[in-house]
Amino acid sequence: MEPRFLLLSDVATELNVSDSQVYHMVRSGELPAIKIGGRGQWRVERARLEEYIARKYDETADWVQSNPLVDRDPD
């Protein structure tokens with residue numbers, strides 16, 4: 001069984017980005033997370049990460065539809 005909560009470093013590995021990018025996504029509110037413990041360590045719930053990924057797929061599909069690939073060489 002997979003853990004319910006992930007470290008920011010685990011999220012970074014899942015998304016293949018840097019730890020600092022994940023920290024920025026959390027601090028900006030883009031990726032929901034919680035602070036726990038006396039030292040206020042961040043945790044991301046796996047379900048929230050999956051929702052984030054699904055949202056990014058939708059945003060990307062919208063962007064692709066709004067920005068079609070145009071053949072620059074009409075020949």
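Author: Start with handedness: a crossing is right-handed if the near helix is turned clockwise from the far one by less than a right angle. This is a predicted model.

Reader: What is the handedness of the crossing of helix 1 and helix 3, and at what angle do they cross?

Author: The axes cross at roughly 35° and come within 12 Å. The crossing is right-handed.

Reader: Which residues make the contact between helix 1 and helix 3?

Author: Helix 1 brings Val11, Glu14 and Leu15. Helix 3 answers with Arg46, Leu49, Tyr52 and Ile53. By class, that contact has five nonpolar, two charged and no polar residues.

Reader: What does Met25 touch beyond four places in sequence?

Author: Met25 touches Leu15, Glu30, Leu31 and Tyr52. Contact here requires heavy atoms within 4.5 Å.

Reader: How do you know that strand 1 and strand 3 pair?

Author: Pairing takes at least two bridges. Strand 1 and strand 3 have two, in the antiparallel sense, so they qualify. Leu6 has Val44 of strand 3 as its bridge partner.

Reader: What makes strand 1 and strand 2 edge strands?

Author: The open sheet has the order 1-3-2. Strand 1 and strand 2 each have a single partner strand, so one side of each lacks a neighbour in the sheet.

Terms used: Residues are numbered from 1 along each chain as its sequence is written. This is a predicted model: local features need pLDDT of at least 70, side-chain atom pairs count only at pLDDT 80 or more; totals for chains, interfaces and linings use all residues. Side-chain values use heavy atoms; hydrogens and water are left out. Axes are lines fitted to C-alpha atoms, for helices over the stretch in contact, and angles run from 0 to 180 degrees between N-to-C directions. Helices (H or I, at least four residues) and strands (E, at least two) are DSSP runs, numbered from the N terminus. Ala, Val, Leu, Ile, Met, Phe, Trp, Tyr, Cys and Pro count as nonpolar, Asp, Glu, Lys and Arg as charged, and the others, Gly among them, as polar.
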